[in-house]
Amino acid sequence: MDYSIVSLSLDKLQSDCLLVGIYENQQLSPVATAVDTLCEGLLTKLIARGDIKGKNAETLLINNVPHENFQRIILVGFGESGKVTRKLYRKALAAAIKVVKESKVSVATSALLDINVENVDTQWLTRQNIEVFNDAIYLYSKTKVCEEMPALQQLYIYADKLVSSQAELGLLQGKAIAKGVELTKQLADLPGNICTPTYLAEQAIELATQHEKLKCEILEESDLQALGMGAFLSVSRGSRQPAKLISLFYQGAEASVKPIVLIGKGLTFDAGGISLKPGLGMDEMKYDMCGGASVLGLIRMATLLNLKLNIVGLVPSSENLPDGDANKPGDIVTSMSGKTIEILNTDAEGRLLLCDTLTYAKKFNPEVVIDMATLTGACIVALGRVPSGLFGNDDALCEELLTAGEVACDKVWRMPIWEEYQDQIKSNFADLANIGGPDGGSITAACFLSRFAEDFRWVHLDIAGTAWRTGAAKGATGRPVPLVSQFLLNRA
Ligand code: BES
Ligand code: MN
Ligand code: ZN
């Protein structure tokens, strides 16, 4: 799929399929009004006939347009004028792309940058067109023949000359974020027997060949042993696939600039280990590497934009399976930090990988550390599947992510990691227990991580409810790539 900006005057514009906007009081957007004039009042006529009201996400496909420049026009409803929020804008775009897909055109032109959306600029509007379109045309094809390949090949975004430079900037950002999301979804949707820790490592190596400022390093189990990562290794002992600690180093700024460290949980399959999960829906635990896939997606985004930042991406990757050599409830392991951990439930494995990776992150002298993990089912109980859970040890950093989430429409909701909860992860036999009982499970998981993140500013994103969709539309979402991309763009 190709995206570009067109800034011709409207009477010169040609399109197989032109998208224009309408508000709820049947008021056409400025571009739509001009198109209406070019088409001798066709749009006004259809509105008068009551074919479209302009409600948000309402659409009207006009297949036969009496103007040689336009083959089709799609009127897209945005809802009440002056009240179009970011979310409503995206919702209308998603409805529009559905009609574009159904109409099977190969080239479409979105003239929807003139919609009045609260608190945004042309750059944001352009970005959203690309992000929403690219998300909608994503197709999983690795292990399944697609009967119907999507026809759409090219999206032009019509921008008035006055705003075309802003639109060009939005185009670059939108393309980079969309590519990052796409990579994340592709990796995440792969089954566990293809996407193993070794496969993920190979993908990271491949990614690093595509950009001169990007380097990749893979640590093998023997390296992890030498580093003393006893918590991480205890999980991989139960699997026949060798564990990997994938490191990606993107140097977009001076070497002296402290890096942003991104950590992603990379469990390529989580059966729970000896504390085996119930069978129903267990296939979805192939998605337990979505945090790791997001790190790869974000690094890709950063390289495509040549962001002036230093970023270290760390993906601890393993499987969690039951085996004669697997962790057993009650086992005690020693983490890289020296803290001992009593494993009361082998299914709380993510934190065992992450704690050693957090300790390892210290060596990069990070500006901030952001971890992304499908860490707890309890996070879904607490927040549902709308926001990701946000936990952190620095209020300003948490605020930064909350704001980025609003702008990117990839929301997070802050959860507490107060001292009071730490009691729940006390152990009689080790420095820490790896579970804190049934109450506040996503919080006690974050409390556990916080004990390994005391030396830097850190946030943890629990993406258990947001990284993939369950049910009939099962598939990866690419979240939190848009959120963290926005954070990185703000920092660059
Ligand atoms: N990967 C899971 C968390 C998860 C479960 C994410 C369901 C999305 C959907 C994690 O490793 C896990 O199993 N967590 C346990 C923790 C418990 C044993 C304290 C959980 O959430 O049940
Ligand atoms: Mn688990
Ligand atoms: Zn897990």
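How far does a polar side-chain atom of Lys 277 lie from an oxygen atom of ligand 1? The first view gives the answer, and keep in mind throughout that this is a predicted model.

**View 1. Ligand 1 and the residues around it.** Here 17 residues surround ligand 1, and the closest are Lys 277, Asp 288, Asp 347, Glu 349 and Gly 377. The polar side-chain atom of Lys 277 sits 2.8 Å from a ligand 1 oxygen. Asp 347 has a side-chain N or O atom 2.8 Å from an oxygen atom of ligand 1. Thr 374 uses its backbone instead: an N or O atom there is 3.2 Å from a nitrogen atom of ligand 1. On its own, ligand 1 would expose 510 Å², and the protein buries 78% of that.

**View 2. The zinc ion (ligand 3) and its donors.** Lys 265 (NZ), Asp 270 (OD), Asp 288 (OD) and Glu 349 (OE) coordinate the zinc ion (ligand 3) at 2.0 to 2.4 Å. Why is the arrangement octahedral? Six donor atoms surround the zinc ion (ligand 3), and the angles they subtend run from 78 to 175°, which makes it so. Read along the chain, the donors follow the spacing K-x4-D-x17-D-x60-E. Two of these residues link distant parts of the chain: Asp 270 belongs to strand β10 (residues 266-270), while Asp 288 is 18 residues away in the loop between β10 and α9. Both Asp 270 and Asp 288 are buried.

**View 3. Thr 303 in helix α9.** Thr 303 lies in helix α9, which covers residues 290-305. Is Thr 303 buried or exposed? Its relative accessible area is 9%, so Thr 303 is buried. A polar atom of the Thr 303 side chain lies 2.7 Å from the backbone oxygen of Arg 300. Leaving out residues up to four places away in sequence, Thr 303 touches His 211, Leu 214 and Tyr 250.

Technical notes: Residues numbered from 1 in each chain as written. Chains lettered and ligands numbered in written order. Predicted model: local features only at pLDDT ≥ 70, side-chain atom pairs only at ≥ 80, totals over all residues. Heavy atoms only, no water. Helix = DSSP H or I, 4+ residues; strand = E, 2+ residues; numbered from the N terminus. Buried < 20%, exposed > 50% of the residue type's maximum accessible area, 1.4 Å probe, protein only. Polar contact = N/O pair within 3.5 Å; in protein donor to acceptor, adjacent residues only side chain to side chain. Contact = heavy atoms within 4.5 Å. Donors = N, O, S within 2.8 Å, 3.2 Å for Na, K, Ca; no water. Tetrahedral: all angles 85-135°; square planar, octahedral: opposite > 155°, others 65-115°. Near = heavy atom within 4 Å. Areas by Shrake-Rupley, 256 points an atom, 1.4 Å probe, with all protein chains shown as cover.
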